[in-house]
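Please keep the viewer open as you read.

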Amino acid sequence: MFAMSNVILQITENNQVVHMICSNGFNAANAESIKAELMESVERTGEEILSLQHATALDITGIQLAFAWRKALTAQGRKATVELPRAENINDLLVKTGVTKLF
């Protein structure tokens, strides 16, 4: 028997804007669940925000998924915002590597 995939993104809606909030690892370990949830987002309509402000981990896989998600929504003419992690150690690395400029 297979276990259900973990829900990594909590989905809320506020003022017709969908917020996907991550407070787990947004990384390769959770990539399958993250990808499934982002694909559901692509199927919706309207503005969406991917909040990684409380993510406990972020790696290149997570960055690639977030970038591809944003690109897909933008191609649909939708507003897609990525809020980067607040954790100082993660944020410092994103700034030093130039990743913040992608978002």
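Which residues touch the most other members in the largest nonpolar core? They are Phe-26, Leu-38, Leu-50, Leu-52 and Trp-69, in a core of 25 residues. A nonpolar core here is a set of buried Ala, Val, Leu, Ile, Met, Phe, Trp, Tyr and Cys residues joined through side-chain atoms within 4.5 Å. Buried means under 20% relative accessible area, exposed over 50% and partly exposed in between, with a 1.4 Å probe and protein chains only. E2, H1, H2, E6 and helix H3 (88-97) each supply at least two residues of this core, and H2 gives the most, with five residues. Helices (H or I, at least four residues) and strands (E, at least two) are DSSP runs, numbered from the N terminus.

A word on the model: it is predicted, with local features needing pLDDT of at least 70 and side-chain atom pairs counting only at pLDDT 80 or more, while totals for chains, interfaces and linings use all residues. Numbering starts from 1 along each chain as its sequence is written, and side-chain values use heavy atoms, leaving out hydrogens and water.

**The sheet**

Four strands form an open sheet in the order E1-E2-E4-E6, with mixed pairing; two strands pair if DSSP finds at least two bridges between them. Strand E1 (9-14) and strand E6 (80-83) are the edges, each pairing on one side only. From one strand to the next, the twist averages 20 degrees. E4 (residues 48-51) and E6 run parallel and are joined by four bridges, and Ile-49 has Thr-81 in E6 as its bridge partner.

**The helices across it**

| Helix | Lies across | Angle |
|---|---|---|
| H1 (residues 31-43) | E1, strand E2 (17-22) and E4 | about 175 degrees to E2 |
| H2 (residues 60-75) | E2, E4 and E6 | about 160 degrees to E6 |

These angles run from 0 to 180 degrees between N-to-C directions, with axes fitted to C-alpha atoms, for helices over the stretch in contact. Contact means heavy atoms within 4.5 Å.

In H1, the buried residues include Ala-31, Ile-34 and Leu-38. The buried residues of H1 pack against E1, E2, strand E3 (25-26), E4 and H2. Leu-38 touches Leu-9, Met-20, Phe-26, Leu-50, Leu-65 and Trp-69, not counting residues up to four places away in sequence.

**A residue on the edge strand**

Gln-10 lies in strand E1 and counts as partly exposed because its relative accessibility is 48%.
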